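I opened the model today to look up a few places in it. My notes are below, one entry per place.

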Amino acid sequence: MYQNQYYKNWGATYYFGTDGSRYTNQFLTTDEGTSYFDNDGIRFENRFYSNWGELYYFGSDGQLFVNKFYSNWGNLYYFGDAGIRYTNKFYSNWGALYYFGQDGARYTNKFYSNWGGMYYFGSDGVRYTNKFYTNWGKIYYFGDDGVRATNKSVNLGFGNIFFNGDGELAYSGNSFLSSIVNAAVLGWSKYGVLPSLTLSQAIIESGWGNSTLASVYHNLFGIKGSYNGQSANMATGEYLNGSYVTVNAGFRAYPTNDASVLDHALFLTQNSRYSNLLWDKSFVSVTTKIRQDGYATSPTYTSTLQNTINTYHLNLFDQLGFVL
């Protein structure tokens, strides 16, 4: 008679106890761990067990998962020190914080909202802490407590950077700059065009977004030609042979301000005469080069750009671009 002994047959494992009875709907705890035998006496292997409002898992060796991860269906799960699957629960290890949701799956590339704050867990499941997040053409920041910066300024070591009510990078007290500052900073990351140059040019060329070309056609930089086949014929003032004259010219027409900002960076990238200002981190240098390269005809263009950058502290966004 089998006593305190396993029995294997028919592709399954059974156990007979001290009295020789087969374990049925019963747990067995040994030095190896904890096992469970179902109504047919078969040991759970690679199988979930649900009871007491909780979920457990027994691995290929029939042992209960304890303080152990389980990966399946493209997700990662965790079973704690009592073997209970983490559900709506945080897990801390390796100096990082993780979260397992309602279905037990680890949050990955996913937002979490609680306690009046917004959090984000990245591709490795780690909660963002003192870290930027970029999506939808916008820039966000999660602070040292993991909460997304919202309606507040954050000092990142080079000055205060403001994030609006949606958590997006913005310029405090100025809706025009707020509408283009994200694209300007991302223009540095993607194309190497200094954000302060982009922002100061947008201010000057568009009259703070109030010119007809800017307000109707979203052309903030006075770039001529067409955009996706769209253009607008406008009168413009230019210096010709030392004299200021008015001429008609075709200008690119954009669907949004963001499209104009991104096309501005692309325009500078695709025109070889501006290659000398790409990835240049000095706004004094790039504002000089862009005038010399023939972007504008005004003899005071460089000084006007530099004065605008200094007045509105636009170089803060250069520093942000460098650390993004």
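**Ground rules.** I am working with a predicted model, where local features need pLDDT of at least 70, side-chain atom pairs count only at pLDDT 80 or more, and totals for chains, interfaces and linings use all residues. Residues are numbered from 1 along each chain as its sequence is written, and side-chain values use heavy atoms, with hydrogens and water left out.

**Ser-196.** I found Ser-196 in helix H2, residues 195-206. Helices (H or I, at least four residues) and strands (E, at least two) are DSSP runs, numbered from the N terminus. Is Ser-196 buried or exposed? Its relative accessible area is 0%, so I noted Ser-196 as buried (buried is under 20% relative accessible area, exposed over 50%, partly exposed in between; 1.4 Å probe, protein chains only). The side chains of Ser-196 and Asp-318 make a polar contact of 2.7 Å. A polar contact is a pair of N or O atoms within 3.5 Å; within protein, one must be able to donate a hydrogen and the other to accept it, and residues adjacent in sequence count only if both atoms are side-chain atoms. Neighbours within four places in sequence aside, Ser-196 is in contact (heavy atoms within 4.5 Å) with Phe-283, Ile-309, Leu-314, Asn-315 and Asp-318.

**The sheet.** Next I traced an open, antiparallel sheet of three strands, ordered S15-S16-S17. Strands pair if DSSP finds at least two bridges between them. S15 (152-155) and S17 (169-170) are the edge strands; each has a single partner strand, so one side of each lacks a neighbour in the sheet. I read four bridges between S15 and S16 (residues 160-163). Lys-152 faces Phe-163 in S16. Helix H7 (residues 315-323) lies across S16 and S17, at about 85° to S16. Axes are lines fitted to C-alpha atoms, for helices over the stretch in contact, and angles run from 0 to 180 degrees between N-to-C directions.

**H1 and H4.** I checked H1 (residues 175-191) against H4 (residues 257-270): they pack at about 30°, axes 9 Å apart. H1 and H4 are therefore roughly parallel (angles under 35 degrees). Contact residues include Ala-183 and Gly-187 of H1 and Val-261 and Ala-265 of H4.

**Ser-21.** I placed Ser-21 in the loop between S2 (12-16) and S3 (26-30). Ser-21 is partly exposed, because its relative accessibility is 38%. Its C-alpha atom is separated by 7.8 Å from that of Gln-3, 18 residues apart along the chain.

Methods:
Parallel < 35°, antiparallel > 145°, perpendicular 65-115°, else oblique.
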